[in-house]
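The following note sets out some points on the model shown below.

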Amino acid sequence: MPATSRSPATQPDRPHTPPNTQRPGNRHSAAQQTPTNRRSQSATIERLRQQLRTSVAHTQQQDVVPTDFVALNRLLPDQGIRSGSVVEWISSGPGSRTSTMAFAAAGRLLQQPGALAVVDPLHCLCAASLPQAGIPLSRLLLVRPKHTTAESLFVSQYRLPGPVRSDALWALEQLARSTGVRVVLTWIDRLSSTAQRRLQLAVERSGTTVFLIRPASALQQPTWSDLRFLVSANGSSVKGTGAKSSAHHTSTNPTSQWHVQLIRSRNSVHSQGHTRLECQHETGVVSEVL
Amino acid sequence: MKRVLCLRFCNWPVQRLQRLQSTDSQGGLVSRLAIYTAAPQAGAAAARSDSEQRDTAFVRDIFPSSRSGATILCSSQAAWHQGVRPGLPLGEARSMAAPVAKPSAAGRQPADTHFVPWDPVGDRRTLMELAEHARMFAPLIGLENGPVPDSLIMDITGCGVLFQGETVLAERLLKTFQQSGWQCRVAISDSAAAAWAFAHPGGHLLTQSTGPGEIDPRFDQSWQADSIIIPPGQSAGYLGSFPVAAGRIPLTDVRTLAELGIHTLRQLLDLPVEDLPSRLGNTTIERIRQLAGVDEELIRSIPEASPITASWVSETGATSRSEIRQVLDHLTQELEPQLRHRGLGAIALQAVMKHEDGSTDTLSAQVVSPLQDAARLLEVLHLRIESLHVKRPVFSIRMTTTVAPLPVARQKDLFSASEHLEPQEELTAVINRLNGRLGNNAVLTAAVSDSSVPEDTIQLTPVMSETAVTSRRTAACRIEQLVQTEADAADKAFAVRPVFLLPVPVRVPSLKPAARTFVWEGRTFEMQEWIGPERVQTHWWQEISVHRDYYRLLTTQGPEFWAFQNLTDGTWFLHGIFE
């Protein structure tokens, strides 16, 4: 008998299984857990997560790109946005500046080679707004599936007709699979678990980062994304003098402000809290509110 | 950047006939040869093709004597030295060429001068036949766009690397033709107009002031070399000193310009473009715009003599999409060995499907870079088939290809075939697929235009155009830019613009500064703040007049709009959303 062949009972490294181990499908499992067990499980999960992070850290470290916003980076498990991840930007409502925020984050990712592909099923993207976010126009690949509906994007809240949705999703996945694309960004309301899983597999293979800008209704849906941000408007402010209501004026330094809250992070226990950003109306520069 | 080569055949009508005559008589080249235009005959014009009529009109414009009788068009160097010059009436030329020399000691008479009628159709046809010998140097070859052509125009954008540089390409091209006995010159520049000018510094063949093979004293000898290669972006600087005639300007306009004291291309290009249409013809304006790089000259491709095709015919007919797909799969696989045999790649596939009544449907697919692999071609074709509606049986399908040289093959990684693929290659593949399913107009790149009107500030261009075959190389350049990390300096000068721009400005009657609310898309918005204005207006000479004051409009509900007042009539519009 070979030396390595042992009966299971005699294997020294085999972990001991306690008699009260909870198995999947046990209906009484939750009720039988004590606070001590739960703490133990949390510690185990955290330890396993740590091991996972350590094991892949050497491959991921070079692919993490910090955003231009230090406070936002602090919320992120890797202090930046990892290549090959799916990031959701959830808009709390109209005027939340979610798209502005997403483009500002995408601009930094374009410091690496690859195109910014924008799937624009609503045919409404103003490409002239991208240079403000640090995105060179020469890097923009705009994909516009045929769109026949006359309904505006504002009313539709990124709701797409069936054929347009299928074309947009198909294009999104194709672009996410390509290593020639650095970031893919699109606006979409509903996304099935299958579509999300396909996207996840696609970006894991290619290293492309997918930004999905979605309405608040997406919060009710399950997600496979690596990061999920909730962006909500915080109103506008006017620094200095000259602010008037309901009248024309030339403001000295008006800004729009919004909150960004990280509400999901797949690989780690995320930092609680949020950060506040603002966009200067005159320059279009997005910065943190200190 | 686009690169165009002009291959000029020196003294073309004479050179062609000299070779033709020598072939017939199995002797050396006929040294004394002159070509004349026949005297005009009533009713002959109707029988001529458009190009022939254009050539004849051009000749009559240059040589007024040809309107009334036979006139010398061009002559060989030996005949020229005899005094047989272009524009001379044929009878006079014959007397000039009559041998007056006495027989030599050996008793040999000096050779007679051959007078041969002009054959513009034959000239064009032979030039097109010669294009076949140049196929390996460029994917797109066309005749020069003008009367009495003597040159082939070749789009060689991106082809230089295939030959270790444009210099080697030019040398090999020249060698190919010179070994066959043709006398030719090559000029490479950024546009067809510039390349033609560098190959014809003295202007058109028929307007030359010097004899065949003689050096034009107006130009430095380097401009009369066999091969002229202008580095990218430097054409305008060199062209300036050339005479106006080098710009293919019609003779009447050359005379008009000369009367105005404009003799060089620099003087011509410095003229205010807005005033030119009132003084010069459309052709001249077109040429000026092409020389200035404003317009791109379309190279009309010469069809291949033996295209790569595959056909299928059936008595029963294909009635469903899946059956047609099977046939197309089979035909594409038939094309692959033909492509491999010729060492070419397909950049477009066109399947013409014929129905019982003789009507046809066409299915076409294009790819950005040349492909040989049937599987990859099928991948693109399948996406097109999905949008095909088969209403009637298809009884025959003929598939044709547009071909181009394959890009340089690189050694792949030892362990993985895809590991070392360049990002632009990956991007090219995905663009092929996107174009296949969504159509060419759905995949766009952006560039800054010179318009100040917000909806036109950015020019969106399909990566691959449906019509322009010449855009293939441009597409490859665009894709390369997409993956590069160098920022475009022109982007930095932009004013702040909203992320969303409505396709057309929407007039909102309830939107007024004095009002507290306005209604749009069935929703009422309470106005909180107006910030602005930013005035946007066009110049007085532009066709579309725009005079707007833009405001950023903040509402209590959250959305920030971009609204403007039309200063012409005071109406208010919503144009964008800061989102």
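1. The model is predicted. In it, H6(A) packs with helix H15 (residues 423-438) of chain B at an angle of about 170 degrees, and their axes are 10 Å apart. Since angles over 145 degrees count as roughly antiparallel, H6(A) is therefore roughly antiparallel to H15(B).

2. On the side of H6(A), this contact is made by Asp167(A), Trp170(A), Ala171(A), Gln174(A) and Leu175(A). H15(B) contributes Val430(B), Arg433(B), Leu434(B), Arg437(B) and Leu438(B). By class, the residues of the contact of H6(A) with H15(B) comprise six nonpolar, one polar and three charged.

3. The two chains also meet through strands. S5(A) and strand S13 (residues 443-448) of chain B run antiparallel and are joined by three bridges. Within S13(B), Leu444(B) is the residue that stands opposite Leu142(A).

4. How many residues does each chain give to the contact? Chain A provides 60 residues and chain B provides 56 residues. On the side of chain A that touches chain B, helix H4 (98-109), strand S5 (140-143), helix H5 (153-156), helix H6 (162-177), strand S8 (227-239), strand S9 (248-249) and strand S10 (253-265) of chain A each supply at least two residues. H6(A) gives the most, with five residues. This side of chain A has 26 nonpolar, 28 polar and six charged residues.

5. Chain B contains an open sheet of five strands in the order S5-S6-S1-S7-S8, with mixed pairing. Strand S5 (140-143) and strand S8 (227-229) of chain B stand at the edges; each has a single partner strand, so one side of each is left without a neighbour in the sheet. On average, and with direction ignored, neighbouring strands of this sheet are turned by 15 degrees against each other.

6. The partner of S5(B) is strand S6 (residues 151-155) of chain B, with which S5(B) pairs in the antiparallel sense over four bridges. Here Gly142(B) stands opposite Ile153(B) in S6(B).

7. Which helices pack on this sheet? One is helix H6 (residues 166-178) of chain B, which touches strand S1 (4-9), strand S7 (184-189) and S8 of chain B. The direction of H6(B) makes about 160 degrees with that of S7(B). Another is helix H7 (residues 192-199) of chain B, which touches S1, S6, S7 and S8 of chain B. For H7(B), the angle with the direction of S7(B) is about 140 degrees.

Key. Residues numbered from 1 in each chain as written. Chains lettered and ligands numbered in written order. Predicted model: local features only at pLDDT ≥ 70, side-chain atom pairs only at ≥ 80, totals over all residues. Pairing = 2+ DSSP bridges. Axes fitted to C-alpha atoms, helices over the stretch in contact; angles between N-to-C directions. Contact = placed C-beta atoms within 7 Å. Nonpolar A, V, L, I, M, F, W, Y, C, P; charged D, E, K, R; others polar. Parallel < 35°, antiparallel > 145°, perpendicular 65-115°, else oblique.
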